[in-house]
Amino acid sequence: MSYSKLHTSFWIVIVSGFLNLFCFASEYHHEVLDRKNHFHLFWKVDRANEQITFRIEVETKGYVAIGLSTNGGMAGSDIAIGWVKNGKAHLQDRHAYKNGLPALDEQQDWHLLNGFENATHTVIQFNRKFDTCDEQDLAITNDTARVIYAYHASDPLTDEVFLYHNKDRGSRSLTLLQPMNIKQELPTEARVWDIQLPNITIPDDTDTTYWCKIVKAPPLNKKHHVIQVEPLVSEGSLRYVHHMVLYRCLGATARELEPHVHHTGHPCYVPDTPHTYSKCESIYAAWGIGGMNLVMPERAGLPLGDKPNLYFLLEVHYDNNDFTAGFVDQSGFRVYFTPNLRRYDAMTLMIGASVDPCIVVPPGRRKFTIAGHADPRCLGPAIPPEGIRLFAVFLHSHLLGRQMKLRHFRNSVELPYIASDLRYDFNYQDYRYLPQEVVVKPGDHLTVECTYDSTGRNITTFGGLGTGQEMCLAFVLYYPRIARARSLSSATCDLVKSLAGLESKNSNAEDDNSNFTFYQHFHTNNPWDSHYASIAEAAMRFGYHTTQCFLGDGRTLPVSGLITYPRNIRPYIEQSKCTYASSSQEQWKDNSFFTSYDTSSANSTNILTFYAIILSFMLIYMINHS
């Protein structure tokens with residue numbers, strides 16, 4: 001072969017390999033699972049056939065393993081172990097009842113596609129069904145997946161003898177069924193706006209700090225669309241930054257806001273926080289620990305430059321549990337925007353339970369569920385007849401959160417859940433991009449449910465801003481934009497205090513002068529026996545709530561009357577193709593008496609029990625106020 005032909009063949013091979021790699025990378029999700037950059041996971045979701053293809057590339061010439069776990073640990077996990085020996089790839093489907101060598105599954109459901117190794121790496125590609133209907137497997141669902149991994153420098157000695165992996169192991173939380181279309185190339189005309197805090201020294205005298213900074217948008221002579229928002233959080237700051245929110249300031253004038261632009265900012269939600277900050281309440285973008293970029297769909301973008309002298313407020317929540325002194329932070333967002341407008345303006349709507357101290361979670365409860373409602377009387381008048389289209393949801397609670405769900409009611413029917421995570425991870429909070437956009441019409445009722453596990457605490461947990469307190473919120477991305485920013489609800493404090501034996505006339509949880517009395521009563525008296533805890537749960541979840549409706553420009557819309565779940569609803573039940581009740585597909589169960597809205601005779605008893613609970617609660621209330 002001549003030199004020219006050899007040279008041409010060489011470049012054909014190189015270009016072909018590059019194109020194959022590019023196509024592969026563009027079709028697959030990709031995450032590096034370990035800090036050493038040794039374990040790379042690629043995966044592709046096939047919703048039509050309900051299966052997922054994995055490819056693992058690991059810097060080792062021994063065995064590699066990846067699995068699904070309920071909590072990030074070995075016990076109860078579903079594991080695939082692969083290796084290449086004498087040029088032949090091997091794969092085993094195993095499960096672990098405890099820490100130790102996983103047992104071989106009777107039914108092999110992780111199917112080997114191919115594998116090879118070179119001088120430095122082992123590569124294994126395989127697939128499996130979302131749900132294999134095998135009791136020794138865990139289903140792959142829309143819940144947060146705890147992906148565990150391990151590897152070793154040597155192949156197994158036999159098919160049953162594996163050397164211990166030592167410290168070459170770990171876990172990562174991932175949303176495996178996230179749609180692939182969230183990853184987009186930025187257009188060439190895209191511009192960048194960096195929004196960052198100006199070298200803020202994180203306070204060391206408190207574990208929780210919210211820092212706020214007013215920023216001014218770049219001068220634009222016409223409306224642009226933001227198409228992507230990237231978090232700017234350094235590796236060192238990840239230890240402290242819990243979440244960030246960017247608000248539009250629509251309720252204040254430029255004269256009020258401009259002096260704050262040149263200031264370093266101020267702690268939020270404290271008595272001396274500038275009043276002007278409270279007028280910045282229209283949520284633009286949010287990011288939580290473990291989250292990635294916020295990416296807009298092709299038909300919509302966040303408006304920028306649609307108003308002259310547009311201001312924003314950047315809020316950063318710091319967690320300094322060790323009270324570390326002297327750490328300086330510059331976290332914020334990088335905003336990508338384009339002059340080429342898309343069809344719709346997008347925006348974020350916050351719904352759920354008010355951040356309220358009268359959210360109380362008794363100690364020692366394995367499952368304690370509360371609810372927050374988006375009142376149709378708040379949202380309905382602003383929604384066009386054709387509805388708004390929801391395309392992503394960011395679920396948010398704190399340390400006790402275990403399960404979250406965004407429910408959708410229309411007329412007398414519950415529609416499929418908009419978002420659900422039965423394995424919520426506080427340390428992995430990211431937008432969930434919906435496989436299909438969900439239409440919300442005028443009159444629709446949305447409810448956020450949060451289930452907490454307080455078995456690790458011996459004192460009452462309250463709702464609040466601190467990480468040790470609790471929230472129950474959903475940030476919903478949608479289009480077209482409407483004149484609403486938040487729709488929240490809360491159980492009345494009088495009910496909660498009456499249950500605990502605390503007279504309303506002596507304490508008001510919303511009054512700074514009596515906060516100590518309110519909190520101290522719960523901590524010192526601990527009124528929670530099993531019966532009272534169940535009554536409190538029923539009241540906070542199924543009782544009547546007050547509504548808070550925020551327009552986003554500093555004004556609120558008064559909503560008279562109370563809100564609770566719609567009556568006589570036919571509940572939505574997720575169907576399983578399997579004939580057994582898998583622990584990985586556990587239905588949403590409650591330790592309260594009331595479990596559904598079904599009008600069947602079986603559930604009529606639950607309804608009567610619920611009313612009995614409320615009547616008992618009212619009796620306690622009247623006795624304490626007599």
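Predicted model: local features only at pLDDT ≥ 70, side-chain atom pairs only at ≥ 80, totals over all residues.
1. Four strands form an open sheet in the order β27-β32-β29-β30, and their pairing is antiparallel. Its edge strands are β27 (368-374) and β30 (413-421), each of which pairs on one side only. From one strand to the next, the twist averages 20°.

2. Now look inside that sheet. β29 (residues 401-410) pairs with β32 (residues 445-452) in the antiparallel sense, over 8 bridges. Leu-406 stands opposite Val-448 of β32.

3. Cys-450 and Cys-472 are linked, with sulfur atoms 2.1 Å apart. The link is right-handed, at 100° about the S-S bond. Cys-450 lies in β32 and Cys-472 in the loop between β33 (461-462) and β34 (473-479), so the link ties together parts 22 residues apart in sequence. Cys-450 counts as buried at 0% relative accessibility. Cys-472 is buried too, at 1%.

4. The model has 5 disulfides in total. Another of them joins Cys-378 and Cys-549, whose sulfur atoms are 2.1 Å apart. It is right-handed, with 75° about the S-S bond. Cys-378 sits in helix α3 (residues 376-379) and Cys-549 in strand β36 (residues 545-550), so parts 171 residues apart in sequence are tied together. Cys-378 is buried at 0% relative accessibility. Cys-549 is buried with a relative accessible area of 2%.

5. Cys-212 and Cys-268 form a disulfide as well, with sulfur atoms 1.9 Å apart. This one is right-handed at 115°. Cys-212 is in strand β14 (residues 208-216), while Cys-268 is in the loop between β17 (266-267) and β18 (282-288), 56 residues apart. Both cysteines, Cys-212 and Cys-268, are buried.

Methods. Residues numbered from 1 in each chain as written. Heavy atoms only, no water. Pairing = 2+ DSSP bridges. Helix = DSSP H or I, 4+ residues; strand = E, 2+ residues; numbered from the N terminus. Axes fitted to C-alpha atoms, helices over the stretch in contact; angles between N-to-C directions. Disulfide = S-S within 2.5 Å. Buried < 20%, exposed > 50% of the residue type's maximum accessible area, 1.4 Å probe, protein only.
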